[in-house]
Each structure stands twice: as structure tokens, then as C-alpha cells.
Amino acid sequence: MEWYLPVIWAGLIGTAVMLYVVLDGFDLGIAILFPTTKDEGERDQMMNSVAPFWDGNETWLVLGGAGLWVAFPYAYAIIMPAFYIPVILMLLSLIFRGVAFEFRWVAKPHHRIWDLAFWAGSTVAAFAQGLILGGLIQGVTVVDKQFAGGPFDWLTPFTLMCGVGVVIGYATLGATWLVYKTEGPVAERARRQARTLLLGLLAFAVLVSLWTPYAHPRIAERWFTPSNLMLLWPFPLLTALCGTMAWKRLNGAHEFTPFALTVAIFLLCFLGLAISNYPYLVPPGLTIWDTAAAPASHVFVLIGVTFLLPMILFYTAFVYWTFRGKVKADAGYH
Amino acid sequence: MEIDAFLLSRIQFAFTISFHIVFPAFTIGLSAYIATLLGLWLKTGDRKFHLLARFWTKIFAVSFAMGVVSGIVLSYQIGTNWSRFSVAVGNVVGPLLGYEVLTAFFLEASFLGVMLFGWKRVPPWLHFLSAAIVAGGTALSGFWILSANSWMQYPVGHEVRDGIAYPVDWLKIVFNPTFPLRFAHMMTAAYLTTAFVVLATGARHLLAGHRTESAKTMVRMAVLMIALTAPLQAVIGDFHGKQTAIYQPAKLAAIEAHWDSSKPGALVLFAWPDEKAELNRFEVSIPGVASLLTHGSMDALFPSLKDFKVEDRPPVLIPFFAFRAMVGIGTLMIIFGWVGAWLWKRGTVFEARRWLWLAQYSWPAGFIAILSGWFVTEVGRQPWLATGVLRSKDAVSPVTTIEVAISLALFVFVYCVVFTAGILLINRLIDKGPDEISHEDPPEQPSRRPLKAAQAPASAIFGDGHPGDDKIQPAS
């Protein structure tokens, strides 16, 4: 039990983070693409395509934070101070983009400033998430189960690249979401953008796949030990396959499949990172067992999760189903 | 006092949580009000209830967004600034917040989408249900957060090994002794606060000459709510105070500025408590009344501040003055509500210009009372973060002073900009009022279109239909 509980919790938090990345990824992504049109109606349409969902999407971020605290308090207590500046940057950015969803409409016709807040907030939040991801992969200085590094340890070429990578990745999700949910000029432009962004996303995936094993022997060993390689070779192959298919579908007239395939690419990359780092939660030193909460705490919340998580997934699906279909170009008020 | 990461982290947490609490308190009350309006509309088919529900939903959308974004900050700040707290009590407090996310946050956030955009997408009963679920979700969120806070005030059901708290009895932890009354006090405060905002809005429109049925309905519903809940709140508060005497005597001594346990506690109406000299300057007090209120007898003796070691005493000034502000406002609320009810009974409430004039400026009353109350309870808990388990100074993260100084400056700047804008925008919505909005629906005027959340029905955004809420009728 003491061995399994942290594994189960790592799986749960991994799922929550993955859901967050995909769900908030596309709504951050459409905001990253906001400056690519000046037309107010088109911006309205872009924002409307995510408006009923963004709040629920962002709740997965709260679950990620709270879940990490619940299940791995030591990891939470190390990661948050270690990434103090990027975390605060992310929170402040999320404030701007979150309120912009409502303020923009009330402030009209003086809404330009909130358009800017929406774009800048979302872009910086995505970039900061990339910094945190990169910083975690490259490792955190820990002494005595406490953060013992400096305030700028997270600032390296690798983390900056991860920041850019996440911005591009979210923008790809956003563009393919627009292909799926909108029509007219917005969808056409999104399709063109999605092609370029997809190439960027794949380039980033390749770069990380080469950089991390080169820089960290433990990751190289994980992937290139012959016995492991036998099991793991489908990951890069599947990713390449999804990328090729998404490219072809974007050049055709498909509307939903490019988004679905981009999600699949994200999923594969995420699993790849998890494989690289398992069982470390705070690389290079602390595993999921080193940082776990008391078993009694794990069990107490796990009971709730068993009942509540299916319910959450069910009513999340219900909300997406309620607002199914295309967001009209004229949106009923022109 | 030394300026270090600890002090700045305390200021930052106090600042961000004080800003945050205003919005959940308001949205807990407002979501319940909107659900009530939608329920009344379903039952009676009276159009004014629908207009009011649409109107308040727009204000709700803006307030809720501000509550969400300022709330995310808090769930991360516990780690960024109070990492040793997360480890020391994480096994106990963490799961309570975990349950808050699982039971409440997802419920609110998901059904909010239906509540804001579902006016024509879903049948009226389902829309009402969504609003009711959002209201229930916000209250449930309050349940867990107050359970966690109350445990920190008076921890039970755990054991401490090597400085870390481990859960022993979850039922005792969740329903810890100070929780039920604190929860009741906070929920009542939220409903009361919202009632004052509704009252102020109705009064403002009546005074501006918009003598519409919706403005009158707002005033009537708010007066009824205030006349009932303001005295109820006083009773709950009284019980809560008596409980503080049992579980947190040091906090009570600070609230009463009680320095000498050889005498019964006096009700200090005014004083300047001097913590260095350990006495009250300029004191105006009524002997024995504090003992009567907290222990049921004029002669009862109870521990004074001097009975606690200096390092175990809470600061006195903030709990002392904040408590008086809270009780003062509460008393005025009762009087104001009863006068309103009396005017209503006489049938002159809509003509009572002086009362309405006061009413239109009464909207901050609840917010100030709530903030005062939280300052009493949180500062009164010091020097502990979790009483007897962990001191605040031992909970701070290993971050540098300069990092916290910069983040604090950024928080102050961003919150002032964003929340000032938010309050101005809400004010703009309130100015327009429920009735004007209903005539403003024509689709040709996008620039005059107010908040899309309530304004454009989802069907208008997503196709298959055209706006015009006049056509919406409840299913009979």
C-alpha cells in the first residue's frame, strides 16, 4: 500500500496536469493568436469559441496545484519556492487574461486595453509554464528536503527554449481549435497558421528529445538501454505519425482531426517526459515516495476522487456537448 | 520590526487574501439570489424576475472572474511563500483543500458556463438548476475553506511527530469545534453583504426616478433579507464569541484589550491599547460587561493578555479595533433593516428619500464588516499559523527578501489596476439597471452591447436562433 499510493497519486496528478495542458492550452492558444487579426468581430468570434469553457479548464490548474500539495507536500514545498518568480509571473498573467474575458465586453467600445491584456497575459502565462517545466526537467537544488538553490536557477537556455516551445504548442492547439469551432475567415486563417505552428511544435519536440538525453545521462539511459528501447521505440514513431497525419489533414478540409491529432502529439510528448523522469518528482534527487504525504491523507482524498472525478468528467463533457457546433462568424450581433 | 521575507510574505498574503475574500463573499450571496430569482420566474412566470436574473448574472460574471483569478493566486502562494506550512500541516489541511477543488470548484466553474451562456441553449428548468448548482458549489467551497481555517485556529484529530501533523480522525478534523459557528457566521455574512448591494442598487434606481417594478422588487427582497439575517448574524456572532472564550482565550483577551485577570472584563468602548506598557490608554469602558457577554456573569474572571507569555500573545491593536468596526457595522445593519421593514409595513418605503439615500451608499457595509471580522480572527490567531502546532515565523519559504519584495509590489500594482477597473465596470452595469438592458438587445449595436455573458444568449453566439429575451418564457 505504501508503495502503491504514491504511484496512484502520481498517475492522478499526471492526468490532471495533462488535462490542464490540453484544455487550457487551446484557450490560452487562441489568445496568443489574438494579434493576428485586427478585426473586432473576428476577435469576438475567437473569444466566444472558448468563453463557456475557460473557467472549467483553468480549474485543472488549481487541481494540479492543490493535488500536488495534497499528495506530495514535500515536492510542493520545494517546487513553489524554487520557481518563485515564474510562478508569480504566471499567476499575475492569468489574472489579466482571466478578467479580460469579462471586462472586454463590458468595456466596449474602450476594450483595446483588454485585448492587449488577454494576449499578453496568455502569452506570458504559457511562457512561464514552459520555464517551470524546463526548470523541473533540468533539476532543482535540494538539501535536506528543502529548496536550497538561488532565485534564478530556473533561468537557462534550456528553460527559455521550453518557454518558447510551450507558447508555440499552445498556439497550435488554439489554431486547430479554431479550425474546429469556427468558420469563415477566422477558420481559414487559423488553418494556415496551424500548419506553420505544427512544424514549430514538432521541431520543439525533436529538440527536447535530443537535448534532454544529451544533458542528462539518466534520461539517455532510460531511453537507450536496449531492453527499454525495445519497449519505447513506438513513442517517437507514433509522434511522427500523428504529426504527418495532422499536416495532411490541415492541407485537406478536415475540421476536427487536426485538433485531435495535436492533442495526441501533446499526450505523447507528455508521456515521453514522464518516462524520462519516472520515478523522480523533483529531479534529480527526490522520488514520488520521498515526497509523499501520509498514507492516511492519500486514502482519505482517494475515496473522494473515486466518486468525484468521474462526475467531474461527466459534467465537463455535458458542458462541451451543450455548446457543441460552430461559433458563427456574425455571432448574431452584426 | 525587521523587513525580511517573513514580514513581506505576511503582508503579501494578507493583501492578496483580503482582496480575494470580497469576491467569493459576494458571489456566494449573489449566486443564491440569482437562483432564487430564476426559481421565482419559473414558478410565477413574472417577467421582472427574469429581467433581474439577467441583470445580476452579468454582474455575477464579472465578480466571479475576479474571484477565480485572485483565488488561483492563493492556492499557489501557500507553496511559494509558506512552504514549511505546506509540509508541517499538509497531511491534514491539504486534503481539505483538495476536497474543496473536487467538490466545489469544478462544479462552479463548469455550470457557470451553462448559467452565463445557456439562456437559450438549455430549457429553463435546467438553466435554473445550473444556477442552483453554482450557488450550492460556492457554499460548499466555503464549507471546506472554513473547515481548514477553523482547524488552524484550534487543531484537533491529529498527532504531531517530528514537527509534522498526521491525521488521526478525519471526522474530528473536518468538524473541528470552532468550525460550525465560523461557517454559519461567514455564510450569513455573505448573504447579508449581497443583500446590501442589492438594496443599494434598487435604492439608486428609485432615487434616479426609475420607479420600475424591478427596482422595487430589489428593495423589497433586500429589506426582507436584511431584517431577518442581520439580527440572526448578531446571535451567531454572540455564540461565536463565547466559543472563542473557550478555545482561543488569548484572542479573546486581545479583542477585549483585557490586561488584568484579577478583575472581571470590562466592555471597552474605546481605548488605545499600549502593548509595551501592557495597559489601555484613554479607556472608556463599562465594568463587568465583557465578562457578562462572554461568560454569562458580571463577576466572571477570564485570562488576560498578561497570562500569556509575550511571545505567545497576538497583536492587540488590529483585533481590538477591527472587532469594534465589525460589531458597530452589524448593529447599524440591524437598525437599518428594521427601519426599512417598518417603512415597508407603513407602505412608504419607496417614498422615504432619506432612508433610500442612505441605502444607496450602504453597499460597502457588508464588505467592510467581513474584512474586519477576518482581521480579528486571523490576526487574533497569531503568533501561530496552526495554534500550538506551527508558528507563523517557522512556516515561511526559503526565498529571498528581494523576491518577495518584488512580487508584493507587483501584486499591489496589478490588483489595484485590475480590481479598480472591475469595480468601475460593475458600477457601469449597475447604472444601466435591469430594465434598460432589456430594450438594448437589438443586434445592430455591438458597441453598446454590455457584458456578453448575459447579453447574447448562447444561441446567438453559437447560431440557431436570434437574441431577444422577451420571447423567453418558462416552460409551463
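Me: How many residues of chain A are in contact with how many residues of chain B?

Reply: Two residues count as in contact if their C-beta atoms, placed from the backbone, lie within 7 Å, and by that rule 66 residues of chain A are in contact with 71 residues of chain B. This is a predicted model, in which local features need pLDDT of at least 70, side-chain atom pairs count only at pLDDT 80 or more, and totals for chains, interfaces and linings use all residues. Residues are numbered from 1 along each chain as its sequence is written, while chains are lettered from A in the order in which they are written.

Me: Which element gives the most to the side of chain A that touches chain B?

Reply: Helices (H or I, at least four residues) and strands (E, at least two) are DSSP runs, numbered from the N terminus, and α5(A) gives the most to that side, with 17 residues.

Me: How is chain B divided into domains?

Reply: Domain bounds come from an automatic or database domain assignment, which here gives domain 1 (1-177 + 400-476) and domain 2 (226-388) of chain B. The contact between them takes 11 residues from domain 1 and 11 residues from domain 2, and α1 (5-44), α3 (83-117) and α4 (124-153) of chain B each give two or more residues to the side of domain 1 that touches domain 2.

Me: How many residues of α4(B) are buried?

Reply: A residue is buried if 20 or more other C-beta atoms, placed from the backbone, lie within 10 Å of its own, and α4(B) is mostly covered, with 21 of its 30 residues buried.

Conventions:
Buried ≥ 20, exposed ≤ 12 C-beta atoms within 10 Å, placed from the backbone.
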